[in-house]
There are 2 protein chains.
Amino acid sequence: MNASVVTADYLSRTAYEIEQALRTSVPQEWPVPAKLREAMLYSLEAGGKRLRPILVLAAAEAVRGEGSTYEAAMPVACAIEMIHTYSLIHDDLPAMDNDDYRRGKPTNHKVFGEAMAILAGDGLLSHAFYAVSQTASLGVPSEVALAIVSDLAKLSGASGMVGGQAADILGEQGVTSLTELEYIHLHKTSDLIVFSITSGARIGGATPEQLAALEEFARKLGLAFQVRDDILDLVGDETKLGKPVQSDVQQQKVTYPFIIGMEQSLELVKRLTKESKEALRQANLSMPEKLLSIADYLMNRDH
Amino acid sequence: MNASVVTADYLSRTAYEIEQALRTSVPQEWPVPAKLREAMLYSLEAGGKRLRPILVLAAAEAVRGEGSTYEAAMPVACAIEMIHTYSLIHDDLPAMDNDDYRRGKPTNHKVFGEAMAILAGDGLLSHAFYAVSQTASLGVPSEVALAIVSDLAKLSGASGMVGGQAADILGEQGVTSLTELEYIHLHKTSDLIVFSITSGARIGGATPEQLAALEEFARKLGLAFQVRDDILDLVGDETKLGKPVQSDVQQQKVTYPFIIGMEQSLELVKRLTKESKEALRQANLSMPEKLLSIADYLMNRDH
């Protein structure tokens with residue numbers, strides 16, 4: 001256990017710094033209609049754990065060492081949070097999950113209307129790629145920045161997160177096998193975790209071997225994260241989660257506890273976390289401590 | 001006039017080649033859910049003039065000369081068509097323009113449902129950036145490819161096309177000034193034309209001076225294109241347009257003929273086209289003929 005390395009204080013301090021960067025990520029002088037900018041920032045600033053951007057920063061540091069990559073990794077950290085945020089805005093739409101609340105606040109379309117929510121999502125999705133392109137002016141080699149663009153498009157697009165969301169929606173129409181559930185989780189959740197870790201590692205200058213080991217780490221961590229999410233939806237504390245529990249049950253969503261049971265789901269989170277940490281050790285990083293500690297933190301989280 | 005350089009035959013042959021490239025742009029081996037892939041291709045293959053991708057190819061050729069940049073420019077040509085297509089899918093949604101038909105075919109959400117249409121749009125938007133990143137493996141320097149990523153994000157995002165669409169929707173709630181109409185057209189239409197021309201020029205190796213002149217050419221061309229669109233919506237031929245005329249009137253959209261009258265709108269298209277061609281001549285390109293000829297073609301088009 002590395003409980004002393006990643007503390008609640010480290011996580012909240014880093015989340016705060018990411019939020020500062022997000023607030024100014026769309027330049028003030030750009031000709032963005034005021035209402036659209038407001039809608040984009042409303043959801044960007046709606047809080048959340050900021051897990052994905054923290055992973056970008058932690059992975060860069062794990063490869064290169066403390067501090068040196070922080071500034072260059074921040075635009076990519078913002079980018080993945082923009083992608084995550086746009087996906088929540090679109091997922092919450094009436095045509096999708098039809099959610100009225102998210103993190104205790106009315107969802108984007110409830111405040112700005114459906115049309116503006118769709119456009120706010122499109123705006124955030126597009127701007128994520130702008131943010132990645134900006135790393136080149138912060139010392140990241142162009143070919144590395146371009147590899148990150150390519151990864152982001154793949155892992156968040158039709159063969160990644162969007163594909164996972166599509167499979168989820170198609171699955172609501174009767175699909176229930178474990179293979180299909182794995183496809184959904186692998187892409188809907190795990191792909192963005194993989195992007196976060198590998199993009200940070202690329203900025204840190206990871207070797208191909210390190211990237212491969214880190215991808216395996218991220219893949220297992222992402223799956224553990226999602227199974228834990230499924231568990232918390234069943235037995236979590238509403239005030240800590242900031243959303244109603246048992247929403248999966250109400251929406252008749254297929255989850256791990258539903259298919260393999262609660263006992264086995266808890267075991268699975270433990271096993272995946274252990275395996276992820278083993279993969280991470282294979283990467284021979286200079287400072288793996290924070291990533292190892294985040295893995296433990298996520299396994300035990302209650303929100 | 002350069003009617004002999006750009007013929008209907010050249011345009012349809014190039015459009016055909018672009019359609020071939022679009023068809024295989026999302027690799028078959030990628031794990032995209034079948035229904036999502038179908039929804040993306042349904043709209044990508046729904047036809048249209050393919051004007052934007054043709055401009056990418058023509059601009060690359062104008063700077064570098066015939067043939068040499070064709071292969072490297074094609075992924076960017078596909079990218080801008082993906083962006084254009086995703087914007088049509090999202091614009092057609094019930095929460096936006098609520099259109100049932102597009103180019104004589106049922107709109108995406110009419111065939112695949114709203115949720116899948118939203119995701120097909122998100123998938124195409126994301127994949128456009130993947131396509132741009134692929135140019136680096138076709139001889140385009142990484143820093144040029146990255147500049148194209150940055151331009152695409154800016155010109156198609158919240159400060160570009162998405163911003164124009166947002167202003168359009170907000171404008172339907174009572175905004176009618178010429179300044180606001182210009183903002184809408186400048187961003188909703190002109191920005192993608194600017195991207196098409198400048199990205200092609202970047203691939204052709206344009207100097208900063210050439211890029212500046214080409215941007216002015218594109219800006220005026222794009223505005224002329226949109227005013228012509230407004231005119232055709234009023235007096236065009238439904239069978240040639242492939243959509244009902246007077247839809248702007250029915251949707252109470254503010255258009256150029258509505259604000260400045262038909263006579264002056266026709267004059268404006270002529271003047272903008274003339275000015276765009278003057279800007280183009282300032283660029284001192286090796287083969288400007290096709291671009292000049294496309295400008296004339298667009299001014300006189302009936303669909």
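## Ser133 of chain B

B:S133 is found in helix α6 of chain B, which spans residues 114-133; helices here are DSSP runs of H or I with at least four residues, strands are runs of E with at least two, and both are numbered from the N terminus. With a relative accessibility of 7%, B:S133 counts as buried, where buried means under 20% relative accessible area, exposed means over 50%, and partly exposed lies in between (1.4 Å probe, protein chains only). The side chain of B:S133 makes a polar contact of 3.2 Å with the side chain of B:Q134. A polar contact is a pair of N or O atoms within 3.5 Å; within protein, one must be able to donate a hydrogen and the other to accept it, and residues adjacent in sequence count only if both atoms are side-chain atoms. When neighbours within four places in sequence are left aside, B:S133 is in contact (heavy atoms within 4.5 Å) with A:L146, A:V149 and A:S150.

## Basis of the model

This is a predicted model, in which local features need pLDDT of at least 70 and side-chain atom pairs count only at pLDDT 80 or more, while totals for chains, interfaces and linings use all residues. Residues are numbered from 1 along each chain as its sequence is written, chains are lettered from A and ligands numbered from 1 in the order in which they are written, and side-chain values use heavy atoms, with hydrogens and water left out.

## Interface between chains A and B

Across the interface, 47 residues of chain A are in contact with 47 residues of chain B. The area buried between the two chains is about 3800 Å², and carbon and sulfur atoms give 80% of it; buried area is the accessible area (1.4 Å probe) that two parts lose on being put together, summed over both. Zero salt bridges are counted between chain A and chain B, and four residue pairs are in polar contact, both residues being at pLDDT 80 or more.

On the side of chain A that touches chain B, at least two residues come from each of α2 (34-44), α4 (70-92), α6 (114-133), α7 (142-156), α8 (161-171) and α9 (178-204) of chain A. The most is given by α6(A), with twelve residues. By class, this side of chain A has 29 nonpolar, 13 polar and five charged residues. Here Ala, Val, Leu, Ile, Met, Phe, Trp, Tyr, Cys and Pro count as nonpolar, Asp, Glu, Lys and Arg as charged, and the others, Gly among them, as polar.

## Ser137 of chain A

A:S137 lies in the loop between α6 and α7 of chain A. At 59% relative accessibility, A:S137 counts as exposed. The side chain of A:S137 reaches the backbone oxygen of A:Q134 at 2.8 Å. Between A:S137 and A:L170 there are 33 residues of separation in sequence and 42 Å in space, C-alpha to C-alpha.

## Salt bridges

Over all chains, the whole structure holds 34 salt bridges, each being a side-chain nitrogen of Lys or Arg within 4 Å of a carboxyl oxygen of Asp or Glu. One of them joins A:R202 to A:D151, with the closest N and O atoms 3.0 Å apart. This pair links distant parts of the chain, since A:R202 is in helix α9 of chain A and A:D151 in helix α7 of chain A, 51 residues apart. A:R202 is partly exposed at 26% relative accessible area, whereas A:D151 is buried at 16%. Another salt bridge connects the side chains of A:K188 and A:D168 at 2.7 Å, N to O. A:K188 lies in helix α9 and A:D168 in helix α8 of chain A, so the pair ties together parts that are 20 residues apart in sequence. A:K188 counts as partly exposed at 22% relative accessibility, and A:D168 is buried at 11%.

In chain B, the side chains of B:R23 and B:E45 meet in a salt bridge of 3.0 Å, N to O. B:R23 lies in helix α1 (residues 8-23) and B:E45 in the loop between α2 (34-44) and α3 (51-64) of chain B, so this pair ties together parts that are 22 residues apart in sequence. Both partners are partly exposed, B:R23 with a relative accessible area of 40% and B:E45 at 37% relative accessibility. In chain A, salt bridges that share partners join A:E216, A:K220, A:R271 and A:E275 into one network.

## Cysteines

The structure holds zero disulfides over all chains, a disulfide being a pair of cysteine sulfur atoms within 2.5 Å. A:C78 is buried, with a relative accessible area of 4%, and B:C78 counts as buried at 4% relative accessibility.
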